[in-house]
Number of protein chains: 4
Amino acid sequence: MSTAPTHQHAFFDDYSEGAHPDILRRLSETNLNQEIGYGEDRLSARAADLLRNAMAQPNADIHFVTGGTQANLIALAAILKPYESVIAAASGHIAVHEAGAIEATGHRINQVESEDGKVTPQRVQAVVDAHTDEHMVKPRAVYISNVTELGTVYRAAELDALSAVCKANGLLLYLDGARLGSALTSPVGDLDLPGIARRVDLFYIGGTKNGALLGEALVIANPRLREGFRYHVKQRGALLAKGRVVGAQFATLFEDDLFFRLARHANTQAQRLAEGIQARGFGLLAQPQSNLIFPIFPDAVIAGLRRRFAFHTWARVGTDRSAVRLATSWATPAGRVDDFLNHLETLL
Amino acid sequence: MSTAPTHQHAFFDDYSEGAHPDILRRLSETNLNQEIGYGEDRLSARAADLLRNAMAQPNADIHFVTGGTQANLIALAAILKPYESVIAAASGHIAVHEAGAIEATGHRINQVESEDGKVTPQRVQAVVDAHTDEHMVKPRAVYISNVTELGTVYRAAELDALSAVCKANGLLLYLDGARLGSALTSPVGDLDLPGIARRVDLFYIGGTKNGALLGEALVIANPRLREGFRYHVKQRGALLAKGRVVGAQFATLFEDDLFFRLARHANTQAQRLAEGIQARGFGLLAQPQSNLIFPIFPDAVIAGLRRRFAFHTWARVGTDRSAVRLATSWATPAGRVDDFLNHLETLL
Amino acid sequence: MSTAPTHQHAFFDDYSEGAHPDILRRLSETNLNQEIGYGEDRLSARAADLLRNAMAQPNADIHFVTGGTQANLIALAAILKPYESVIAAASGHIAVHEAGAIEATGHRINQVESEDGKVTPQRVQAVVDAHTDEHMVKPRAVYISNVTELGTVYRAAELDALSAVCKANGLLLYLDGARLGSALTSPVGDLDLPGIARRVDLFYIGGTKNGALLGEALVIANPRLREGFRYHVKQRGALLAKGRVVGAQFATLFEDDLFFRLARHANTQAQRLAEGIQARGFGLLAQPQSNLIFPIFPDAVIAGLRRRFAFHTWARVGTDRSAVRLATSWATPAGRVDDFLNHLETLL
Amino acid sequence: MSTAPTHQHAFFDDYSEGAHPDILRRLSETNLNQEIGYGEDRLSARAADLLRNAMAQPNADIHFVTGGTQANLIALAAILKPYESVIAAASGHIAVHEAGAIEATGHRINQVESEDGKVTPQRVQAVVDAHTDEHMVKPRAVYISNVTELGTVYRAAELDALSAVCKANGLLLYLDGARLGSALTSPVGDLDLPGIARRVDLFYIGGTKNGALLGEALVIANPRLREGFRYHVKQRGALLAKGRVVGAQFATLFEDDLFFRLARHANTQAQRLAEGIQARGFGLLAQPQSNLIFPIFPDAVIAGLRRRFAFHTWARVGTDRSAVRLATSWATPAGRVDDFLNHLETLL
């Protein structure tokens, strides 16, 4: 990550604010109740029930942890034998932005190329086919994220195809849902939470980037993977003494559909931003699918925008322009989108 | 840990409540400010400055993480080469209650016996002396906790002696401060925070058990151990996207000495409990030094107490009695201590 | 290990010579035959067949590796999940003399005290009972060695009892057979190779200390542990390109019972040594059971013996005497035992 | 590796025979001398002296281990901190054929594309430039092999350039010398052993593929990397009780230049094979540089050759032909090359 601006944080990422006020209110209301530690509290139990209901998986095993890298390393270290590896897009979070967390648990990531951030069945099959004997690692899992690092969203047919190639090759399918809320409310998406839970072996539902202070819900959908899971969580330092802190947040997010409303808001603002940018004559790397959009601007325009807004430069496109990444969130005011578009207008 | 009661949590542990109200207030007040992620926010910076000032170490390196096991495994994995080991009391948290977190990073714990939970220079020297060549692990660090698992508190002379044996043998000294607040405000203690920071190479200051929702401040006092530390934190899944969450809490705890006031309250209630228990004719395993006390009761009394209060049974003492562990906290009302003593009175 | 003498190696250990001449001859005879690499050669196949026959386990899975630490770390890392641990005597090789090899694969060793080097069912049960939940490691295997580090040999009833406590608690039983030849030909032993193979889940048969240049045969008796084993061997760097080197040696050792004849010779010389020492008025720490004996001599006698013979000092016994360890081997000439006894005579 | 033929092993690899007869003779001659264990014997000392002399590095630290994967994992695990990674060609042995041995020690391999099996300074710099902060692994070492997996040989200028880019970026340079003999006697090479030792931080000299039964000499040229190295060797199960076995072999290989003569023989036969193949009208993927050559044959010719000779198919080249890999060794009789060429003649 490049250096972030100090003045105006705007469209830099989706974790610059704290929590949705309802979450803080819930933490306050329950603050002095005594609860049992280590995730065995009533708030975590309530949250897990709500989640199981929302995903139509009455027996799913759910563990609340504090962050995405933690969820990923626990899940993958739990399901892989020492010589087994996980397939991921070269742009995947575990392949780029986790400081080698997966390898630190002893496992190789088999990276596959991907233009849009998604892993395809063809690429999975190619990795499996290339690993033929015990001189090589044995691919055993596929890691995907939804939304991907490039802002794209898997459709049901894509996930069906991935699930099929996994089953055919004895692979487990793991989904990193840091931005799952955005994926489930995407204008191009056709999957709901039960549809995710049915198609993957384990996944996590991201709270941090969708209204929580912190917290991810790791879901073990496949019953054969559940044994001893709390040991894994504890051993990696992820079993919070006050598990209620994450439990209370997920309980709030999954009552009254707050989780989905927050995600939809972020997507809507991204969509408005994209449309406004296109209306002013600029293209996008891809059509907007989530809360991450990638417009292409000339260098001078980028410099002008940076005087008031913060964002990541994503990729050079031609000699005098770049794609930038604009992230919206549950907390992005509609007015800030207007400000951005108005400011863009002045740079034409 | 044995099963905890569902009705009345009382003296079971020191992490049954949420956070001190000032902390929740601070989280609310700063909630919608935009902050840079991953611990580079202004709240974390403010908290680190306050901590450095409080420990009189203007250059200490400080990393905020979410729990004690996480702090321990990051610190020890960071400072040990693959073949190096850490010496700890057999009752130490890393030796008993972390599900093998240290070994999972590749390192042996050399356990030493300890009657009072403390590690002595003699035991350290004996381990060093017994490890003579490359067929054995090479002891390189000493792990202690203050308060210990048995509720005892190190005095300055003890820490000086440990520090001396470490220096003489090329060992690094690491202090687990899950209950450091209680140690620093102990009626038998003579160490302040600068005194701790001067005597150890690295340590953590526990927030979770002293008024925070969650969070520990890992302090790298020894400048030779600082290189690359953020990589270790990230790799173990401990670098929170919203680092502000822990930053805000430590900023609150170390303004106006809240941290010390909370710890002192817990110690005072433990002291009152101990005195009341002794006044009613019961002994203690050891004189109270912290917020953990270990009174000895006959079985019938224990059964009677359990009808209204929750606590751990600690150790069998003779044929018809046991020591139990009573934990107080920043949130223990003085009236609950009175209730306990009154109820005890009825059981005589 | 203390420093070894340079002049006269005698009774220092059982790996000071090269290989039995029959083994060198076999290596020479087969030297220029072309064989497939990585253990798929005809010599390894022949050796595995001989071993399966000798242990009456027609389906045992057998892997040839180069040393004991390697065999131990591969076997244990293969059968343990990340949070699982192995129980061993505090004097066990993995607990003392493997530089943390087991922990380097991520696993704790639960050490139990043992007077004679053996692990008892009671000690195993106590460890299991003390590990009650996911805050602790989960004991999953028991490591024993036969002969033990203290020269003792398990009897069938002892192994039956250990096997029973393992089965009752869902533990796997692993036997380190660095000196298994000596155990199987022990004057006090009542177990043969089939008896070993029936009672444990996996074990290794030591070649290095019984006539081979190098090599151990790792035997996976329990069929549920066989899957993917060659991956483990390869990943730990133990799959020799020229697997024939170890295969040829085990083929030689298990044709015409050479393995047993060599071990019996070592035991016989140890027995003669023990009897001669006792006849000259000195005691032993324990009755001789294997090729390792532990006589007790006054300091002056030890000094006198060291002028001509090399051996380890084992333990201080009283104020003016120590137990020493005398090791015999397949290569110990009977005359050297006579020399030792004659020299001892001169020191009376 | 695909399945190897059982009938005629010929050009399949360079480890199908045992050892050069001089090596077996040395093992026999020294067989019954008593030697100290664990690499502290006189044969290992003699071999290390010869090696230090041959590489003109009087203080190099030398450790004898049993195989290449073992050497690689020990060396890299020893020099990398937990968050550090190693850069290697995507075709490199550690990246393909070691079953994840490096990741099992906790480290990522940053794979770079390479047409000829070599790592270029440009690719190294690109990896370094792409890893900018603590969210990513930190590249700290470069792994190369010489001869590469594709049979190519580094020239001095190439190694100088690699060494320069390493020094400029704080990277350590490690060379896998499984076929170093072939590289040092290559018709296109201009490096001798001192030239290798001066340009890299650590490397190993392969014995297994150049006349030994087994064994590699791991050389720590950079004095800052030597501390505690025997611990690493022991912990990974690589410290042979009878270290003499490898010591004796390297002592033999480096007396009278046997090592170089054997390698030169292999190269000469490969060169003859290449010339004969070209004379019969077939091309090669690349000009022969080592004992591995890659001729391109039509499918029908390959089928015909396989009736008498064994070799790996390497890569499909066009619709009706493939490149195959022919490996010669110290033991390849000149007559077998003639046989191959004559047989090829019959297939025209």
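Copies here are superposed by least squares on the C-alpha atoms of residues with pLDDT of at least 70 in both. With that in hand, here are the close-ups, all taken from a predicted model.

View 1. Turn chain D by 180°, shift it 0.0 Å along the axis, and chain D lands on chain C with an RMSD of 0.0 Å. That's what a two-fold axis does.

**View 2. Chains A and B, superposed.** Here chain B goes onto chain A by a rotation of 180°, with 0.0 Å of shift along the axis and an RMSD of 0.0 Å. Both copies use the same surface, as 100% of the contact residues of chain B turn up again in chain A.

**View 3. Where chain B touches chain A.** Count up the contacts and you get 41 residues of chain B against 41 residues of chain A. Five helices of chain B each put at least two residues into the side that touches chain A: α1 (21–29), α3 (68–79), α5 (101–104), α10 (229–235) and α11 (244–253). Sorted by class, that side of chain B holds 18 nonpolar, 16 polar and 7 charged residues.

**View 4. Chain A on its own.** Zooming out to one chain, there are 14 helices and 11 strands to trace in chain A. Its radius of gyration is 20 Å, close to the 20 Å from the globule rule for 348 residues, so chain A is as compact as a globular protein of that length. Laid along its principal axes, the C-alpha trace of chain A covers about 60 × 55 × 35 Å. As for burial, 61% of the 348 residues of chain A count as buried. Among contacts in chain A with a separation of 6 or more, 73% link residues 24 or more positions apart.

**View 5. Helix α3 of chain A.** This one runs over residues 68–79, 12 residues in total, and stretches 17 Å from first C-alpha to last, close to the 16 Å expected at 1.5 Å a residue. How many of the residues of α3(A) are buried? The count is 12 of 12, so to speak a mostly covered helix.

Notes: Residues are numbered from 1 along each chain as its sequence is written. Chains are lettered from A and ligands numbered from 1 in the order in which they are written. This is a predicted model: local features need pLDDT of at least 70, side-chain atom pairs count only at pLDDT 80 or more; totals for chains, interfaces and linings use all residues. Helices (H or I, at least four residues) and strands (E, at least two) are DSSP runs, numbered from the N terminus. The radius of gyration is taken over C-alpha atoms; the globule rule is 2.2 Å times the number of residues to the power 0.38. A residue is buried if 20 or more other C-beta atoms lie within 10 Å of its own, exposed if 12 or fewer, and partly exposed in between; C-beta atoms are placed from the backbone. Two residues are in contact if their C-beta atoms, placed from the backbone, lie within 7 Å. Ala, Val, Leu, Ile, Met, Phe, Trp, Tyr, Cys and Pro count as nonpolar, Asp, Glu, Lys and Arg as charged, and the others, Gly among them, as polar. The expected span of a helix is 1.5 Å times one less than its number of residues.
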